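User: Hi! Could you walk me through this structure in plain words?
Analyst: Happy to, let's take a look together.

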Amino acid sequence: MKLNLSRVVRGCRLGTLNNLGKKGDRTMEFPGCLLYTRTGSAPHLTHDTLQVISGIPVMTQLTLSSLAEHYEILEEYKEGIGKFIGMPESVFYCSLHDPVNTCPPGYVTNKSVSVWGVGGRLEMTAAKFMTIQQALQPDWFQCLSDGEALCGEVFSAKRARKSVDRSLAFLDECLKLQEQSEVLRSCVMIGVIEGGDIREERLRSARETAKRPVGGFLLDGFHGDAMTKETKLQLMSSVTAELPEDKPRLIFGIGQPDEVLECIEAGVDLFESFFPYQVTERGCALTFSFDYQPNPEDTGSTSVLWTPL
């Protein structure tokens with residue numbers, strides 16, 4: 001995977017991700033989004049319908065929480081999730097959690113992280129996590145991390161520091177296991193930036209994660225209402241300023257159009273596309289009114305108004 005950054009305008013990064021996929025023949029533009037799926041299937045769309053829709057994202061998002069209960073089947077199958085679900089040419093990114101579902105807090109320890117599937121809680125040690133990734137064989141996957149710095153009733157610098165320490169420890173252990181696996185050695189591991197709303201811890205997480213041989217970065221913990229919008233955007237800009245320019249930046253749990261545009265201005269490249277699914281499940285539709293300036297270097301502003309019907 002190679003990132004080609006063509007320009008940066010007022011913090012917004014424009015470019016392409018090249019040499020993606022098992023054959024290295026796929027290209028993806030950024031800023032962009034991932035194709036959201038549930039158990040490997042795009043919600044409300046059949047496989048045949050998906051093939052005739054134009055503009056489908058190059059990269060498909062899988063969620064570990066929805067697939068972990070079935071990994072033994074894929075382990076026996078041996079050819080990975082792409083061929084198993086009939087999408088062998090797709091590029092896959094496996095996230096730890098489903099952005100639509102809220103995970104109960106309090107189930108992260110120094111040794112494991114819990115995900116929640118249909119059958120309930122699944123405890124993930126680094127060894128079990130990497131075994132499941134080896135069965136799935138995604139192109140990219142999010143590393144284990146402690147994303148609970150802003151969960152619960154009390155937010156503190158001590159809890160933020162612990163989330164960073166745990167996440168770095170998980171990352172180091174997973175990197176060692178990746179090096180030992182012939183199947184996963186060619187996969188891209190995405191390091192996770194934690195630290196809650198404590199700027200010093202966010203910057204420490206970014207700097208330390210950037211020292212490791214990861215292929216990209218995931219900004220976690222910016223969804224929800226635990227932080228004000230101003231704090232979120234300031235922290236995002238501070239974090240992305242610490243990250244190398246030649247690796248992609250993803251963000252977890254941000255999907256509303258206005259929030260996506262704000263994150264792009266803060267230096268984020270890739271987003272999840274779960275928001276239309278949430279709107280559909282509420283029995284609504286989306287309409288858009290664009291005031292669009294095609295020249296990104298023009299000083300005029302760009303606004304997008306969206307209304308759920």
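Analyst: First, a term: buried means under 20% relative accessible area, exposed means over 50%, and partly exposed lies in between (1.4 Å probe, protein chains only). Helices (H or I, at least four residues) and strands (E, at least two) are DSSP runs, numbered from the N terminus. This is a predicted model, where local features need pLDDT of at least 70, side-chain atom pairs count only at pLDDT 80 or more, and totals for chains, interfaces and linings use all residues. Residues are numbered from 1 along each chain as its sequence is written, and side-chain values use heavy atoms, with hydrogens and water left out.

User: Thanks! In strand 6, which residues point one way and which the other?
Analyst: M59, Q61 and T63 point one way, while T60 and L62 point the other way, and all are buried. Strand 6 covers residues 59-63.

User: Which strands are joined to strand 6?
Analyst: Two strands pair if DSSP finds at least two bridges between them. Strand 5 (residues 35-36) runs parallel to strand 6, joined by two bridges, and Y36 has Q61 as its bridge partner. Strand 7 (residues 91-95) is also parallel to strand 6, with five bridges; here T60 is partnered with F92.

User: New topic: what is the strand order in the open sheet of three strands?
Analyst: The order is 1-2-3, with antiparallel pairing. Strand 1 (2-9) and strand 3 (26-30) are the edge strands, each pairing on one side only.

User: Now the inside. Which residues touch the most other members of the largest nonpolar core?
Analyst: A nonpolar core is a set of buried Ala, Val, Leu, Ile, Met, Phe, Trp, Tyr and Cys residues joined through side-chain atoms within 4.5 Å. The largest one has 55 residues, and L64 and I251 touch the most other members. Helix 5 (residues 126-136) gives the most to this core, with six residues.

User: And helix 9, which of its residues are buried?
Analyst: P257, V260, C263 and I264 are the buried residues of helix 9 (residues 257-265). Seen down the axis of helix 9, these fall within an arc of 120 degrees (taken from the directions from the helix axis to the C-beta atoms), so they line one face of the helix.

User: What follows helix 9?
Analyst: G267 does, with a positive phi near 100 degrees.
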